[in-house]
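Trainee: I would like to learn how to read side-chain contacts and surface features in a model, one at a time. Could we begin with the terms and then go to the cases?

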Amino acid sequence: MEYLTDVTTFGAMPAGITDSARFMVESGLAVIGTPDDAVRHLERLWRATGGFGALLLVGHDWADWEQTRRSYELIARHVVPEFNGQLNARRASLEFCRENRSRFLAVSETAVQNEIERYRKQGRGDSGS
């Protein structure tokens, strides 16, 4: 933050701020948290700007390499798919299954009962095992 404030023209930090991470999150200039937090933050930016073509991540060295790599992985697996349409088919399938659950459940219960009856008719249901 010192670099962004004192060296570049970004000027993000007012004088006297001691917790730069907290300031950046509370002011809406950054997101630090879960993939869901990132999605909410990006949706807010998307609505405010009318959309944008690319998102650049700042490599700030606030975390060690393993944590940074994990953050990039979470973004790639859970945040990007929210915006590139990758989840559309999955969401449609989930909604279809949810809307037709009772029908699927009835067919499943009938199939199980039919198999139980078929098993009994084969003489296996009376063995006691």
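Mentor: Let us start with accessibility: a residue is called buried under 20% relative accessible area, exposed over 50% and partly exposed in between, using a 1.4 Å probe and protein chains only. What you see is a predicted model, in which local features need pLDDT of at least 70 and side-chain atom pairs count only at pLDDT 80 or more, whereas totals for chains, interfaces and linings use all residues. Residues are numbered from 1 along each chain as its sequence is written, and side-chain values use heavy atoms, with hydrogens and water left out.

Trainee: How many salt bridges does a search of the whole structure find?

Mentor: A salt bridge is defined by a side-chain nitrogen of Lys or Arg lying within 4 Å of a carboxyl oxygen of Asp or Glu, and the search of the whole structure returns nine of them. In one, the side chains of aspartate 37 and arginine 40 meet with an N to O distance of 2.5 Å.

Trainee: How far apart are aspartate 37 and arginine 40 along helix H3?

Mentor: Helices are DSSP runs of H or I with at least four residues, strands are runs of E with at least two, and both are numbered from the N terminus. In an α-helix there are 3.6 residues a turn, so residues three or four places apart point the same way. Here aspartate 37 and arginine 40 are three residues apart in helix H3 (residues 35–49), and therefore about one helical turn separates them. Aspartate 37 is partly exposed at 25% relative accessibility, and arginine 40 is likewise partly exposed, at 48%.

Trainee: Which residue does glutamate 95 bridge to, and how exposed are the two partners?

Mentor: Glutamate 95 forms a salt bridge with arginine 98, where the closest N and O atoms are 3.2 Å apart. The pair sits three residues apart in helix H5 (residues 88–99), which again means a separation of about one helical turn. Glutamate 95 has a relative accessible area of 33% and is partly exposed, while arginine 98, with 53%, counts as exposed. Elsewhere, salt bridges that share partners join Asp19, Arg22 and Glu26 into one network. A further bridge brings together the side chains of glutamate 82 and arginine 91, at 2.6 Å from N to O; glutamate 82 is partly exposed at 31%, and arginine 91 is partly exposed at 39%.

Trainee: Let us turn to aromatic rings: how many aromatic pairs does the search find?

Mentor: A pair of aromatic rings is described by the distance of the centres and the angle of the planes. Rings of Phe, Tyr and Trp (its six-membered ring) pair if their centres lie within 6.5 Å, and planes under 30 degrees apart count as stacked, over 60 as edge-to-face and the rest as tilted. The whole structure holds two aromatic pairs. Tryptophan 46 and phenylalanine 52 have ring centres 5.1 Å apart and planes at 65 degrees, so this pair is edge-to-face. Phenylalanine 96 and phenylalanine 104 make a tilted pair, with 5.9 Å from centre to centre and 55 degrees between the planes. Phenylalanine 96 is partly exposed at 45%, and phenylalanine 104 is partly exposed at 35%.

Trainee: Where does tryptophan 46 lie?

Mentor: Tryptophan 46 lies in helix H3 and is partly exposed at 41% relative accessibility.

Trainee: Which backbone oxygen lies 2.8 Å from the side chain of asparagine 100?

Mentor: A polar contact is a pair of N or O atoms within 3.5 Å; within protein, one must be able to donate a hydrogen and the other to accept it, and residues adjacent in sequence count only if both atoms are side-chain atoms. The backbone oxygen of phenylalanine 96 lies 2.8 Å from a polar side-chain atom of asparagine 100. Asparagine 100 is placed in the loop between H5 and H6, and at 18% relative accessibility asparagine 100 counts as buried. In helix H4, threonine 68 is also buried at 18%, and a polar atom of the threonine 68 side chain lies 3.4 Å from the backbone oxygen of alanine 63.
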